[in-house]
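I opened this notebook to get my bearings in a structure I had not seen before. My plan is to go from one chain to the contact and then to a single residue.

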Amino acid sequence: MKRFLSAAFLLAFTLSVLLPLLWALMSSVKPGSEILGQPWALPSVLRFDNYGRAWGEAGIGRAFLNSLMVTVGTLIVLLPIGAMAAYVLAKYAFRGAKALLATFLGGMMFPHFLVIVPLFLLMRDLRMLDTVYGLIIVYIAYSLSFTVFVLVGFFVNLPDELAEAAMLDGCGHATTFWKVMLPLARPGLIVVGIFDAIGLWNEYGLALVLLPSEANQTLPVGIARLTMTQQYQSDWGALFAGLVIVMLPVLVVYSFFREKIHETMLAGAVKG
Amino acid sequence: MRGRGRTAFIISFLAPAVLFYAAFVLWPLVQAFQFSTFRWRGLSARMTPVGGDNYRQLWEDQAFATALKNNLLLLAEAGVVIIALALMVAHVVRGQGPVQKFLRSIYLFPQVVSMVVVAVMWQFIFNPQGLFNAGLRALGLDALTRTWLGESAWALPSVAVAFVWYAVGFYIMLFAAGLEGIPQEVNEAAELDGSKGWHRFCHITWHLLWSVKRVAVTYLVINVMNTFALVYLMTRGGPDRRSEVMLTYLYEQAFVNSNFGYATALAVGNFVVVMGLSLLILFLFRRNPVEARA
């Protein structure tokens, strides 16, 4: 009886986690009028053209490319400079090293909204408001704390002897880093890269404030705008297709790397 | 690490990260505290230093008080449900079996999709013609159907439901790891003493989860106090500010009313609240009850 109860409870819970996601998936191929008309019913016809309209007319395709550009553009700069800083902070003792690391880690403590007004005005003064590269620069800066935090953890655990041996062979500090230490930290780079990528792909607050015009919007902002505009056109089919377009890449990436992601999520948490 | 050119290497490797961080994180952070002491409306360059006026206004601002109260309500409502639910589910799916691991990873799905997706989805679920009301009607519970997001009594609890759905997976993982960390000997000893079920949970397990609970509560406070997208997209803080939270109010002041000085004071106010609550948690969880007894 007890086993049966806990199995029933687990089943009900699992279904309620999955139900909204599956409902969104089903609604994305429904005729728009059935999404609110008969929310529980299966689609009377499969309307895959919802995806076409979402991608084209609704502007989700453009937003997708913007998001891709922003995410990839951020990672290309963030990972090397984050790794460089983390390596020095992990392996080189110098005066102020601890304070500098603490300053980087402190960035994880406060919400973006604490600085949103000064940041908005700074970007305006630098004429980088409403530019994709402006958002990339901001994303790099705000992702550094977490990136440095994780990568310092990886570099600290690499044995010093490896770097020392390379330097005895005549490598300079920089060559030792690029040729020996960075390749060894690849698992760390992958994990932190995936984490950063998911966070950037999903980010809403900064993108909302820093990219006002429609042509530059990223996916989350585009989807949010679509919910407003569709109140008048009520093409709910395209909206739900858009929702699936936003979440599918993330869920696929997550499913591939879920073990690593779980470890990293818990790493900071359970040490207590 | 030693060797020639050490100093030049350190500086050149730190420089890019430090420059980005100083210019776009630290500098705005310093400015935030500075701006909050100016009256500054609109996009004009006119800033009037007003000292603590913004903070006095904040202290008397009914809308901010409502937003703070709603944040705390959301924390209480969602927090209790999340912790209770996460503990129950974690109890069933703890361990390293493939099924358990697989289920725990499914529970994180809501956490990895964008908050925007979560908000839009739940907005439709709670739509008067949405999934939830349709489900109630199908069960013959027509009397319970509501305009969930449009009624002042139900808007905030509806947001809380969406928040629970979004957040609970992380806490399941956290508690599962915590339960896993309880030494086997403790469970065996409890078994011998005839302690099981509720009794064992209340007298043993609950106390041993001390450090995990502390992490969970801290994360909850930070997450709930910094809620923006969920409320902004589901209800816009309405009806009549009944689901307004601090950050949606801040957004309105900054980017609708262009009240930059006051909005920054709100941001600092929000930060102070979060820090205050975090310190309170540190104080409440200052001693590990298990270690104290040993």
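I started with the contacts in chain B. Among those with a separation of 6 or more, 70% join residues 24 or more positions apart. I keep in mind that this is a predicted model.

Next I looked up the make-up of chain B. I found 15 helices and two strands. The radius of gyration is 24 Å, well over the 19 Å from the globule rule for 294 residues, so chain B is more spread out than a compact globule. I then checked the box that holds its C-alpha atoms. Along the principal axes it is roughly 75 × 75 × 35 Å. I also looked up burial: 41% of the 294 residues of chain B count as buried.

**One residue**

I picked Leu46(A). It sits in the loop between α2 (32-37) and α3 (49-55) of chain A. Is Leu46(A) buried or exposed? I noted 11 C-beta neighbours inside 10 Å, and exposed means 12 or fewer, so Leu46(A) counts as exposed. Last, I looked up Val29(A). Leu46(A) is 17 residues from Val29(A) in sequence, and their C-alpha atoms are 5.4 Å apart in space.

Terms used:
Residues are numbered from 1 along each chain as its sequence is written. Chains are lettered from A and ligands numbered from 1 in the order in which they are written. This is a predicted model: local features need pLDDT of at least 70, side-chain atom pairs count only at pLDDT 80 or more; totals for chains, interfaces and linings use all residues. Helices (H or I, at least four residues) and strands (E, at least two) are DSSP runs, numbered from the N terminus. The radius of gyration is taken over C-alpha atoms; the globule rule is 2.2 Å times the number of residues to the power 0.38. A residue is buried if 20 or more other C-beta atoms lie within 10 Å of its own, exposed if 12 or fewer, and partly exposed in between; C-beta atoms are placed from the backbone. Two residues are in contact if their C-beta atoms, placed from the backbone, lie within 7 Å.
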